[in-house]
Amino acid sequence: MAQPDTVTRILDIAERMARQGGYNSFSFRDIAGEIGIKAASVHYHFANKEALGAAIAERYTENFLTALGEPGDAAPDDMIQRYVAAYRSALLDDGLMCLCGMFGAEISDLPAPVAVKTRMFFERNMDWLSNVYVAKDFDAGNARVKAGALIAQLEGAMILARSLDDMALFDRISATPAP
């Protein structure tokens, strides 16, 4: 089996660290130490932490939306369940928070490029969910509100489940229809 390239390893490690503790929870030195390279080698691929943070947020967004598929790939209710399952998998299978949820909580302290990519995650997710809700016969304005409510519900469910060390709480909260 081929080893992942250095850039992929850097991104994977930085993402995991950020999903565990936020933007300030990783450094080039930490990443280099885990890979077994010099910090200068991380700098070779990413000029600074801001560039790395933006890259992990962008990659996370792309991977998240790719895993969901197109909003019309299935019946709207199935697509909503797929969306909830993506959050559930992040928390219960990976044992990690949503990267952009972590970054979103600290957005006022993030470098501008990282904040932009974090906002893009939420905008694109709201667009995706809005399309699903429109297919369920919601008007566009209500669909966007409903999309925001579901995202808020799932991000909040992750925080509560992790904070209270009760992962089953996520399932109980996410099973309750968003307002």
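This is a predicted model: local features need pLDDT of at least 70, side-chain atom pairs count only at pLDDT 80 or more; totals for chains, interfaces and linings use all residues.
**Helix contact**

Helix α1 spans residues 6–21, and helix α2 spans residues 28–35. Their axes come within 10 Å and cross at roughly 120 degrees. That angle makes α1 oblique to α2. The crossing of α1 past α2 is right-handed. On the α1 side, R9, I10, I13, A14, R16 and M17 make the contact.

**Aromatic rings**

The whole structure holds eleven aromatic pairs. Two of them share Y83 and are tabulated here.

| Pair | Centre to centre | Angle between planes | Geometry |
|---|---|---|---|
| F64 and Y83 | 5.8 Å | 85 degrees | edge-to-face |
| Y83 and Y87 | 5.4 Å | 50 degrees | tilted |

The pair of F64 and Y83 links distant parts of the chain. F64 sits in helix α4 (residues 49–68) and Y83 in helix α5 (residues 76–93), 19 residues apart. Y83 and Y87, by contrast, both belong to helix α5. They are four residues apart, about one turn of the helix.

How buried are these rings' residues? F64 has a relative accessible area of 9%, so it counts as buried. Y83 is buried too, at 0%. Y87 is also buried, at 1%.

F64, Y83 and Y87 also belong to one aromatic cluster, together with Y60, F121, F122 and W128.

Key:
Residues are numbered from 1 along each chain as its sequence is written. Side-chain values use heavy atoms; hydrogens and water are left out. Axes are lines fitted to C-alpha atoms, for helices over the stretch in contact, and angles run from 0 to 180 degrees between N-to-C directions. Helices (H or I, at least four residues) and strands (E, at least two) are DSSP runs, numbered from the N terminus. Angles under 35 degrees count as roughly parallel, over 145 as roughly antiparallel, 65 to 115 as roughly perpendicular and the rest as oblique. A crossing is left-handed if the near helix is turned anticlockwise from the far one by less than a right angle, and right-handed if clockwise. Contact means heavy atoms within 4.5 Å. Rings of Phe, Tyr and Trp (its six-membered ring) pair if their centres lie within 6.5 Å; planes under 30 degrees apart count as stacked, over 60 as edge-to-face and the rest as tilted. Buried means under 20% relative accessible area, exposed over 50%, partly exposed in between (1.4 Å probe, protein chains only).
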